[in-house]
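Work through the exercises below with the sequence and the structure side by side. Each task is followed by a solution that goes step by step.

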Amino acid sequence: MKKIIIYSTCLLLLITSCKKGFLDLAPISDTNTVNFYRTAGDMLNAVNAAYASLQNSGQYNAALYAIGEVASDNTEILDAQSGIDISQIDAFTTITNNGILRTMWNAHYKGILACNAVIDRIPAVDMDETLKARYVSECLFLRSLMYFNMVRTFGDIPLITKEIVDVQEGYAFPRSPKETVYEQIIADLEQSAATLPNSYGSADVGRATAGAARGLLAKVYLTLQRWQEAAEQTKAVMNLGIYQLMPTYEGVFAIANKNNAESLFEVQYKKGGFGLGSPFNNAFAPRLSGQIVTTIGAGGGQNQPTADMANSYEGGDQRRAVSMADGYQQGNQFIAVRYIKKYLDPAPFSAGDADNNWPVLRYADILLMRAEALNELGYTPDGEAFELLNSIRKRAGLASLSSAALGNQESFRAALEHERRVELAFENHRWFDLVRTGRAVEVLRAKGIAIKDHQLLFPIPQEQIDINPDVLKQNPGY
């Protein structure tokens, strides 16, 4: 039998259970498809496994910041010892056997498998029908998020919407056109938005909500430049009346404020030796800083802000000091090396075991997306789009912008691009923003980054081509 990587059923051995609450996850090592998926408790464990897949190094633990930030003009890799694979992505010298892309592909399809298993198996389970529908919608949301990240990275990808139980069956799925993938994402998010609750009790905080589904749907529509639908979905989120900007930018990222009023969806982490802590405290600290920045364990030198990023903040922008630092103090000497502060934990449990969540969707993003959609539908001097943009700037301590300075659609568009960059810095948005607006090649080349036109998509991992060469073909240029 051939080796198959894409649709491995080994994820069934990684299913986790819920004890005291959503974050209290413990592994079950003796699970299999024969004696599992039979009870409501089994299904809860299976849904939690789908959430847990977001913490994989091929998803939010590493791969997505390599694509979303390092590939952009926001961050860079200054030391080759921080990793050859991420250095390739930074320099646009990515080859087809890049380890980050391989891990990303595998991790996302394992997560999709976990979602499909719940969706396919749950109809036969005797349990509360309302809860059953919610579990399905949670998995539809998670599957949509994973497919969205994959289709934006690789373009056409295999679209699998059922559980693969026979290894050989995995060979039957070619790359579906990206338009088909987006159609599925939209349909799944519409169903999720109609079924998921607006909020949860304390034990389930962090699960996908109707607001998260509508927020992700808005981002999908924005990516497709379907401006009217994007405007409608952002307005639907606003009309829920449950989200608001936090009073201070610093408060958005304080560990004590996880899942706050600005949060639509976060990848959940919990420090304490459970294997569920976040790695960013160490990953983003300067590599030679010892424990000065991290307080425990060494720094990884990943995702370091570029000089261009550091200089992009306006004077007096309060977001800069929260998001990044220009260096650290070592005794009497200041070591000038930029690093991200947004994910620092002042008291991590151990190296790579911190308590910071990763923000996937924030209300600030919703407001900026709506401002963009409205501007693309038609520039209105000092209209709602200006009000939304200025609400973000006001919190950052900056002066409002008016039509006197931004006198047309083009100038407002440029101001919004800048605002998204500094507001959402280091949250995996910049690369995808530049690509969806058609600005990536122009912006990066102007800053001396040698990107080629075909590199707006990343290569399909070579081992996937080798496994199934008759079905999977490589992206042009690789």
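**Exercise 1.** At what angle do helix α1 and helix α4 pack, and how far apart are their axes?

*Solution.* Bear in mind that this is a predicted model. Begin by locating helix α1 at residues 40–52 and helix α4 at residues 99–121, which pack at an angle of about 150° with their axes 8 Å apart. Because angles over 145 degrees count as roughly antiparallel, α1 is roughly antiparallel to α4. The crossing of these two helices is left-handed. Next, look for the residues that make the contact: α1 contributes M43, A46, V47 and A50, while α4 contributes A114, C115, V118 and R121. Sorted by kind, the residues of this contact divide into 7 nonpolar, no polar and 1 charged.

**Exercise 2.** Is R134 buried or exposed?

*Solution.* First find R134 in helix α5, which covers residues 129–154. Then take its relative accessible area, which is 15%; since buried means under 20%, R134 counts as buried. Finally, list what R134 touches, leaving out residues up to four places away in sequence: T195, L196, P197, Y200, D204 and R207.

**Exercise 3.** Over which residues does the pLDDT stay under 50?

*Solution.* Start from the whole chain, which averages a pLDDT of 92, with 93% of the residues scoring at least 70. Against this background, the pLDDT stays under 50 over residues 1–21, although the model has 69 contacts beyond four places in sequence for them. Residues 23–31 also have a pLDDT below 50, and this stretch has 27 contacts in the model beyond near neighbours in sequence. Where pLDDT is low, predicted coordinates should not be read in detail.

Notes
Residues numbered from 1 in each chain as written. Predicted model: local features only at pLDDT ≥ 70, side-chain atom pairs only at ≥ 80, totals over all residues. Heavy atoms only, no water. pLDDT = per-residue confidence, 0-100. Contact = heavy atoms within 4.5 Å. Axes fitted to C-alpha atoms, helices over the stretch in contact; angles between N-to-C directions. Helix = DSSP H or I, 4+ residues; strand = E, 2+ residues; numbered from the N terminus. Parallel < 35°, antiparallel > 145°, perpendicular 65-115°, else oblique. Left-handed = near helix turned anticlockwise from the far one by under 90°. Nonpolar A, V, L, I, M, F, W, Y, C, P; charged D, E, K, R; others polar. Buried < 20%, exposed > 50% of the residue type's maximum accessible area, 1.4 Å probe, protein only.
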